[in-house]
Amino acid sequence: DIVVLRLGHRPERDARVTTHVGLTSRALGAAGMLLTSDDKSVAESIERVDKSWGGGFWVRIGVGYRSEIRKWKESGGIVVHMTMYGINMPDCIEHIRDEFKTKGVMVVVGAEKVPGDVYQLADYNIAVGNQPHSEIAALALFLDWLQQGREFGKTFSDGELRIIPCEHGKNVERT
Ligand code: SAM
């Protein structure tokens, strides 16, 4: 399994970006998202999308990052913190893919300044290029490199709607 831990969400500023972190996680193969804030509205909008489009992606709000990271590691998972200061992704992805064969991956992304202990608690501090950019972009590229495109084959069951891909226009089926 892959879960995403979103740190430092500020309800007044980050609602849209955090929602996109959740939607991107869901669309690209993660099972759920943990949010250190207790912003219900973000969880509700992601859950609405999941109800319509299926897949069973979950959101849990109001978590403590230290205890979630500790529990994840205790249950045998690895923790990958996305940071521009980390090891550039091409130089560490193979190790992470290797571990992912048998272990769950928790991906940690920040909003504003990430608490210093996260760098120590993480098994890997990984950069999608050593330049500042966006948690959504970093997360999307990491999820793709981790799964090597397999996320595109994921099925989203139990939704109300399904897209029939078409070259022009929109074709949506009610299930
Ligand atoms: N200035 C903050 C700091 O020093 O911790 C980071 C702000 S950045 C807008 C928000 C998040 O985007 C970061 O916590 C990180 O997860 C992600 N991010 C930004 N650039 C990245 C990069 N080059 N590689 C990996 N993650 C990145």
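Colleague: Leaving aside neighbours within four places in sequence, with which residues is W145 in contact?

Modeller: This is a predicted model, in which local features need pLDDT of at least 70, side-chain atom pairs count only at pLDDT 80 or more, and totals for chains, interfaces and linings use all residues. Residues are numbered from 1 along each chain as its sequence is written. Two residues are in contact if their C-beta atoms, placed from the backbone, lie within 7 Å. Once neighbours within four places are set aside, the contacts of W145 are M89 and I93.

Colleague: Is W145 buried, exposed or partly exposed?

Modeller: A residue is buried with 20 or more other C-beta atoms within 10 Å of its own, exposed with 12 or fewer, and partly exposed in between, with C-beta atoms placed from the backbone. Because W145 has 17 such atoms within 10 Å, W145 is partly exposed.

Colleague: What separates the C-alpha atoms of W145 and P90?

Modeller: The two residues lie 55 residues apart along the chain. Their C-alpha atoms are separated by 9.1 Å.

Colleague: Which element gives the most residues to the shell around the ligand?

Modeller: Helices (H or I, at least four residues) and strands (E, at least two) are DSSP runs, numbered from the N terminus. Both α6 and β4 (78–88) supply at least two residues of the shell. With three residues, the element that gives the most is β4.
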